[in-house]
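Let's walk through it together, beginning with the ligand and what surrounds it.

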Amino acid sequence: MNLKQQQYINGKWVNSISGKTRDIINPFNQEVIATVPEGDESDAKAAIAAAREAFDNGGWASTPATERGTIVRKIAELIERDKEELARLETLDTAKTIEESRGDMDDIAGVFRYYAELADKNGGELIDSPVPNSISKVVREPVGVCGQITPWNYPLLQASWKLAPALATGNTLIMKPSEITPLTTIKVFELIEEAGVPAGVANLVLGTGNRVGSELASNMDVDLISFTGGIVTGKKIMQAASVNVKNLALELGGKNPNIIFADADFETAVDQALNGVFFHAGQICSAGTRLIIEESIHDEFVNALVERVKKIKLGSGFEEDTQMGPLISAEHLAKVESYVETGINEGAVLAAGGSRPNDPELKNGFFYLPTIFTDCTTDMSIVQEEAFGPVITVEKFSVEEEAVELANDSIYGLAGGVWTNDITKAERCVAKMRMGTVWINEFNLYFPHAPWGGFKQSGIGRELGRPGIEEYTETKHIFQNLKPEPINWF
Ligand code: NAD
């Protein structure tokens with residue numbers, strides 16, 4: 001493999017200080033595809049020290065924003081140049097289909113391009129000062145040293161949402177990818193180096209969340225922690241980050257409702273309900289795993305789903321006809337299996353799937369059949385908790401208010417969808433849905449220009465769009481008295 005397979009700290013490719021390594025496994029066949037350093041707290045501290053020095057005494061923050069934008073644009077160009085290699089690495093590491101990985105790489109280059117364009121458009125604001133003879137202005141400055149922690153489901157996509165705005169605004173950073181899917185992030189750091197980002201500005205540390213991630217979250221020299229991952233980890237990070245009141249950005253889980261009204265275009269809604277869940281075997285934070293279907297079309301809709309689900313082709317992500325790959329790991333497969341078992345025990349009815357496939361060609365991969373549960377109710381834990389796998393739960397409703405009420409009955413608020421040809425009804429629902437993204441006659445679409453993030457326990461802050469770059473800046477008010485004179489109060 002033409003990849004450094006090292007950490008990148010202070011402009012140098014290095015092994016872990018302890019000398020420990022970790023094998024990276026292909027989830028399709030459990031073969032070892034790479035061996036990378038397993039960093040720990042000491043590696044994280046070295047990277048934090050480098051990032052601190054680069055921020056406090058290096059020139060990145062004061063580099064003209066236009067120049068930073070040019071470098072971020074260069075990273076986008078290099079990603080486009082190496083798109084096929086990156087896509088293949090992502091499919092090896094996550095086992096998602098190569099077409100999905102190629103799409104991810106286009107999106108990732110787009111994220112770098114978008115923030116390259118915004119780099120020099122963060123100028124401040126002149127305030128209409130209420131004080132005579134004064135100038136009041138607001139400027140935006142980089143936050144400082146940023147810790148960035150990413151998950152395994154969209155390894156490089158999630159990394160790009162953090163790297164591009166942080167670099168564009170003049171921060172320095174330490175990134176820690178998921179320990180099980182670090183390969184494309186390593187590759188992008190090769191490109192970051194090639195693009196000319198100065199030493200110490202962007203650092204990559206590999207290792208577990210408990211060792212490297214928690215050091216980033218709790219270290220006094222880190223000014224901001226940006227985390228994408230599960231809710232349990234998010235809460236720990238929030239707590240750890242309180243030691244020095246770090247700026248905090250959390251992109252956590254979702255249990256996303258997809259409401260289907262009887263007047264929706266039936267075929268499109270069925271098709272998109274499947275797309276909303278089964279891409280990347282359901283391992284998507286915004287997957288529309290909670291189908292909420294109007295009573296009058298419920299049976300017909302479920303039958304159509306079941307027919308289509310039976311035909312989903314599982315296999316290697318590199319085969320052209322594969323539609324769905326395996327889950328990410330043995331541990332995650334066990335979690336999905338236990339979730340399905342819970343559903344059966346709770347009284348939900350299995351309409352499709354519910355087991356591993358028995359195809360001998362898939363036996364070495366962490367495969368699970370696309371699964372549909374009907375007769376679900378909001379008090380069931382399978383309706384409330386993320387399976388983060390290829391599992392749909394179906395609930396029924398009879399009136400519009402009930403659909404919205406069901407959709408909002410969740411601790412999460414990441415995303416949701418409404419399918420209907422009555423646009424007024426759609427707008428009424430959307431106005432009441434407590435989620436960061438709501439789609440009308442669409443599901444799972446996103447682009448870098450619009451913000452992404454969650455209401456409620458799905459997170460804090462927004463990535464992408466303008467808010468995604470504002471998270472990496474501090475706002476400073478500068479007031480100048482043009483005619484200073486004594487007040488003579490004391
Ligand atoms: P996870 O929380 O287990 O791990 C995410 C990252 O956090 C990994 O890099 C991990 O090593 C690190 N980590 C683990 N424990 C840590 C600790 N104590 N301190 C610091 N870092 C720690 O999540 P996962 O299983 O990798 O990813 C799946 C989750 O991510 C799902 O819940 C999914 O919904 C969520 N997700 C959310 C979004 C979003 O945009 N909201 C996007 C993708 C994934």
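Before we start, one term is handy: a polar contact is a pair of N or O atoms within 3.5 Å. With that in mind, look at Trp152, where a polar side-chain atom sits 2.8 Å from an oxygen atom of the ligand. Keep in mind that the model you're looking at is predicted.

Thr150 does things with its backbone instead: a polar backbone atom of Thr150 is 2.8 Å from an oxygen atom of the ligand. So how much of the ligand does the protein bury? On its own the ligand would expose 850 Å², and the protein buries 89% of that. As for where this happens, the ligand takes up the space of the largest pocket.

Now zoom out to the whole shell. It has 29 residues around the ligand, and the closest are Thr150, Glu179, Thr233, Leu252 and Glu386. Sort the shell by type and you get 11 nonpolar, 13 polar and 5 charged residues.

Which elements give two or more residues to this shell? They are helix H7 (209-218), strand E10 (224-228) and helix H8 (231-241). H7 gives the most, with 4 residues.

Most residues other than glycine have a negative phi. You'll find Asn444 in the loop between strand E19 (437-440) and strand E20 (455-456). Asn488 has a positive phi as well, near 60°, and Asn488 lies in the segment after strand E22 (473-481).

How values were computed: Residues are numbered from 1 along each chain as its sequence is written. This is a predicted model: local features need pLDDT of at least 70, side-chain atom pairs count only at pLDDT 80 or more; totals for chains, interfaces and linings use all residues. Side-chain values use heavy atoms; hydrogens and water are left out. A residue is near a molecule or strand if one of its heavy atoms lies within 4 Å of it. A polar contact is a pair of N or O atoms within 3.5 Å; within protein, one must be able to donate a hydrogen and the other to accept it, and residues adjacent in sequence count only if both atoms are side-chain atoms. Accessible areas come from the Shrake-Rupley method with a 1.4 Å probe; for residues, only the protein chains shown count as cover. On a 1 Å grid over the protein atoms alone, a cavity is a set of points where a 1.4 Å probe fits but cannot get out, and a pocket is an open set with protein on both sides within 12 Å along at least five of seven lines; lining residues have an atom within 4 Å of a point. A molecule sits in a cavity or pocket if more than half of its atoms lie within 2 Å of its grid points. Ala, Val, Leu, Ile, Met, Phe, Trp, Tyr, Cys and Pro count as nonpolar, Asp, Glu, Lys and Arg as charged, and the others, Gly among them, as polar.
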